[in-house]
Amino acid sequence: MTMSMTLPDPSEPLLVYEDLNVWRGEAHVLHGVSFTVPTGRVTALLGRNGVGKTTTLLATLGLLPAGGRVSFAGTDLIGLPTHMIARLGIGYVPEDREVFSGLTVEENLRLAERQGEKPRYHLVFELFPDLALRRRQTAGTLSGGQQQMLSLARALLNPNRLLLIDEPTKGLAPIVVENLIEALSKAVGETTVVLVEQNLGVAAEVAEQAVVLDEGRVVFSGPMRQLVADSDLAGRLLGVSIR
Amino acid sequence: MTTFILITVTGLGLAGLYFLLASGLSLIFGLMHVLNLAHGALFGLGGYTAWLVMDRLSVVHDPGLRFVIALLVAAAVGFGAGGVMERALIRRLYGRLVDQVLLTVGLGLALVALFGGLWGYDPLVLDQPRWFGEVTHVLGARIPNSRLLILLVALASFGGLLLFLDRTRHGLVIRAGVENPNMVRALGIDVERSFTLVFAVGGMLAAIGGTLGAVFFNGISPALGTNQLVFAFIVVVIGGMGSVAGTALGALLVALTQQYVNFYAATGLGDVAVVFLLALVLMIRPQGLLGKVAP
């Protein structure tokens, strides 16, 4: 018997959400969310605070119980344990960085190494040379920007097929944001990305697709340029004005 | 001065026992947020296993060698029992604190009753090598060799545990898991396997402690481990949940306070002093001396 691995068709979406429902305690946060994430593109997941963006990412990773269907390259993720979902080739950069503060930079990265995959240290140290200089430094003593670099480096260490990135610029100084976005754009290449971002300017810079959530429902799904071009629409959905 | 040295070395030996019992508790709580109230029974299990080996393994004539075998067998039994406890019982109850407490209290009581049913409630004296009863002169004080042995084994266990946590991938996963188990999972690591390993290692350390405790307390009785569990919890709280170095520091503080107060103030006051020490630490540093504030 021979086994063959089917490569994903770039014209097919890599990630498909169908009727995703998530409760957090008593609160029904996501109400039948459905959208697709095209292969090899950056899709921005936008919306005001508390509309369910982070919840969508957590449910994708199996960190919250969910109903409905989340399909990644044909594999249904609902019900799979988180570590199995990550091993399918999904990297995660959480909202508050969540680096292991008691471990060194090197240990944080070593932890992210996956069996059977060659860790891409050359790539992460090329993107974030500061981390190479601080290998022995405890992650808890790094600045916010350096912690964000480490969090991104952890996700980029393996050749993931999908990156889930949650508000990478949150709380960072503009100059740090600029450097981070530049590094992210370089690193992502052909990788599919779901980017949760409050800063519409940043999202518009890196994303080709946009999905807007409001009160746990999808209210817009389409090209980012369409959203950016229509300032009334963006203002109504996101509460921001675009110049 | 010689009395002070003797009391200090005895206190250090007791600290070693507390460390062996408390380190597993601390890691289990730190990683899984499980209060394992049956952990003391693993201390007892280690003591009874060692007693059985010393009593029945007559084919090994040298009592020193027999004790080494007893210690290793007890460690292996504790390792297996800790792992089985997690796999068979605790795993179903993660996140259900009340159920965990009920289960582990019940399990602890059941094991104590089982030990009593099998071997009676009177202490069983461990057959010891003659060298244990001899003394070594330390700065003029006559220190029983058994105290030095307990101290050495506890130090070796502490060093071994630190090496395990510092130098192995399992140790790295455990240290990270104590901080943020969900992020460890999101990196593709099956953290549940580490849960079993931590229970097993905790069981092993407790069983080593039980073997040495049978020497220190001149015998093993069913509730010996459960009685020590209260002090082990105090050690964990003083040191900081999840911190191995904190546990070692807490064990030293608790054991030495007990010994000095019992000798220089009044017998029995040592336990009261330990409770005051606990209250003091909780007022000044509620997360424990080397513990971290929960995010």
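Which residue takes a positive phi just after α1(B)? That's B:His33, with a phi of about 55°. Bear in mind that this is a predicted model.

**Helix α1 of chain B**
- The helix runs over residues 2–32, so 31 residues in all, and at 1.5 Å a residue you'd expect a span of 45 Å.
- Its end C-alpha atoms sit 44 Å apart, which agrees with that expectation.
- There's a bend in α1(B), though: about 30°, at B:Ala22.
- Most of α1(B) is covered, with 25 of its 31 residues buried.

- B:Phe4 belongs to helix α1 of chain B.
- This Phe is partly exposed: its relative accessible area is 35%, and that falls between the 20% cut-off for buried and the 50% cut-off for exposed.

**B:Gln228 in helix α10**
- B:Gln228 lies in helix α10 of chain B, which covers residues 224–239.
- Is B:Gln228 buried or exposed? It counts as buried, because its relative accessibility is 11% and the cut-off is under 20%.
- Setting aside neighbours within four places in sequence, B:Gln228 is in contact with B:Tyr18, B:Leu21, B:Phe43 and B:Phe217.

Key. Residues numbered from 1 in each chain as written. Chains lettered and ligands numbered in written order. Predicted model: local features only at pLDDT ≥ 70, side-chain atom pairs only at ≥ 80, totals over all residues. Heavy atoms only, no water. Helix = DSSP H or I, 4+ residues; strand = E, 2+ residues; numbered from the N terminus. Expected span 1.5 Å × (residues − 1). Bend = angle between axes of the 7 residues up to and from the residue. Buried < 20%, exposed > 50% of the residue type's maximum accessible area, 1.4 Å probe, protein only. Contact = heavy atoms within 4.5 Å.
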